[in-house]
Amino acid sequence: MHVPQQNSQQQYDDNFGLGNSRGPPSQGNESYPDQQAPTDRMLKHWRQLLRSCFLLSTNLIANPPSHPNPPPPTLPPDSFTEYILANAHELSIIGIGVLNQDSIATFLADRISSSLPINTFGDGTVKDSIGAHGWHIRPTLDLTHDRHSIESAAQTDGHQETISSLRTENAAALAALSFLRSVCVFYKIRASTSTILYHLDNKEALRRLNSTDSTSFFDTANPITTDYDVWAALREATSSTPGKHIGIHVKGHHDDDTPLESLSPEAKMNIRMDTLAGECRQLHTRPLETKAHSGNQISLLLLGGHIVTTQIQQQPRSTFTGPLLQTYVQKKVNWDDHIFSMMDWQAHGNYLASLPFPKQVNVIKMLHNWQYTKSRAMLFQDSNSSTCPMGCGNEESVLHHLSCPKIPGSDLRSINRWMSHNNTAPPVQLAIISSLKAWIASDPNPLFLGNDQDPLERITSLAHSEQSILGWNQATKGRLSKKWTATQSKWYDHMRHNHHSKTKFPKNYTGPI
């Protein structure tokens, strides 16, 4: 694996945790007799990454940029705006709200030079795999005016399947910090005792911000931690920006139970940043692919053409086995790629993950028709007959228990009760139960003739059509169309806004119906 070049051996030692206190001297090292051995923790991290790279063997390495600031132009920039425009990587994190704000940049530079405190605020949001972050910098907590304050927002990079609010919250702190670093670089501020306070509502983001000390970072930060790349970029930015950097927690969404006018200045600013980030996210229609951030002292892992920043131990395995499992399922149930994409795999996975391991094994057997039924026993020559042991005279196939006349038909009744208990939309409940009854009785699948003028019944009709393509036998296994989730979410929204009761309805409906 490629290791970025360092300015000196000492810098290499510092960056990789090989300082004098890191471990005993190496023995028999002719090239570097004074170099200290890496810690066991660091060697473990490198072994994990190397093993992941070896398993997939190709197109794995993305080197981070050597430094966020671009090479100096032929002519020095005349203004701060020119300087920040020349640094596309930095601007993409900070956002365009800082352009043509040279007077505020000058004011903040004077404040940092004078070692006066600065307050920063930030928040992030993720919805439909699109993330965004907003940040704000002001000299004091006086909210009666916005003189000498500046704010901006930008889309947060991250893989659409794994991006989380933690990444956007960290990106908000990184954006504010990157702006202050750019101010210090442009105005040639090399030292300051100014206290820079970062007000965030995410405790893990705060912990990471407060754990960027250069003497201990590489002992506490695990390279396979979720969004380590942004954490490392935070560490690089704090070490290169003059001042003392301190993260402070502020309770998020405080306005849910407290009038806005009664909130503290910090809480009001947090709500403002949440709104700013949300407005920025709504301006974008697709996720922003993960970028290599500066400050990473390790090469980054590429899988499927995107940089892996979360679940680094799990994703190589999923990338290696996922396509094979998908091919197996498609062949077994006769689905093409289009039909395969109709199913709500997220809900399916969430349900399996919620089960204790013994039950999970049994459910997986049922999903793939691996139960030890009489017909399967005959396949392996463990039985001379495949007839139902209950004496109904029919073959005991995989889902025979649903239609066996000798077994009380309790399955559909229990499903119906469960759906009623969870406030399932009435047209959804009707469509599913009637179709399952018809499938069990080997009758033609009934059509769902909903009211085209009713949005809920219209999307229920689409869900019913998609499930008919997937197969109602697959519905008994929890393999459901994504449209059911969308239908139920719409029903929950209706109940939440029209029935003011103590019943709490979830924001999303991702469990099996």
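I began with the side chain of Arg 138, one of whose polar atoms lies 2.6 Å from the backbone oxygen of His 145, and I then found the backbone oxygen of Asp 142 at 2.8 Å from a polar atom of that side chain. I count a polar contact as a pair of N or O atoms within 3.5 Å, where within protein one must be able to donate a hydrogen and the other to accept it, and where residues adjacent in sequence count only if both atoms are side-chain atoms.

I note that this is a predicted model, in which local features need pLDDT of at least 70 and side-chain atom pairs count only at pLDDT 80 or more, while totals for chains, interfaces and linings use all residues. Residues are numbered from 1 along each chain as its sequence is written, and side-chain values use heavy atoms, with hydrogens and water left out.

I placed Arg 138 in strand E3, residues 130-138, strands being DSSP runs of E with at least two residues and helices runs of H or I with at least four, numbered from the N terminus. Arg 138 is buried at a relative accessible area of 2%, where buried means under 20%, exposed over 50% and partly exposed in between, with a 1.4 Å probe and protein chains only. Setting aside residues up to four places away in sequence, I listed what Arg 138 touches, including Ile 118, Asn 119, Phe 121, His 148 and Met 269; contact means heavy atoms within 4.5 Å.

I moved on to Pro 139, which lies in the loop between E3 and strand E4 (150-156) and is buried, with a relative accessible area of 11%. Its C-alpha atom is 6.7 Å from that of Pro 117, although the two are 22 residues apart along the chain. Beyond its neighbours within four places in sequence, Pro 139 is in contact with Phe 107, Arg 111, Pro 117, Ile 118, Asn 119 and His 148.

Next I checked helix H18, whose 16 residues (455-470) should span 22 Å at 1.5 Å a residue, in agreement with the 23 Å between its end C-alpha atoms; the expected span is 1.5 Å times one less than the number of residues. At the N-terminal end, Asp 454 caps H18 through a side-chain oxygen 2.9 Å from the backbone nitrogen of Leu 456. Just after the helix, Gly 471 takes a positive phi of about 110°.

I recorded the buried residues of H18, among them Leu 456, Ile 459, Ala 463 and Leu 470, and saw that their cover includes helices H12 (337-342), H17 (426-440), H19 (472-475) and H20 (482-498).
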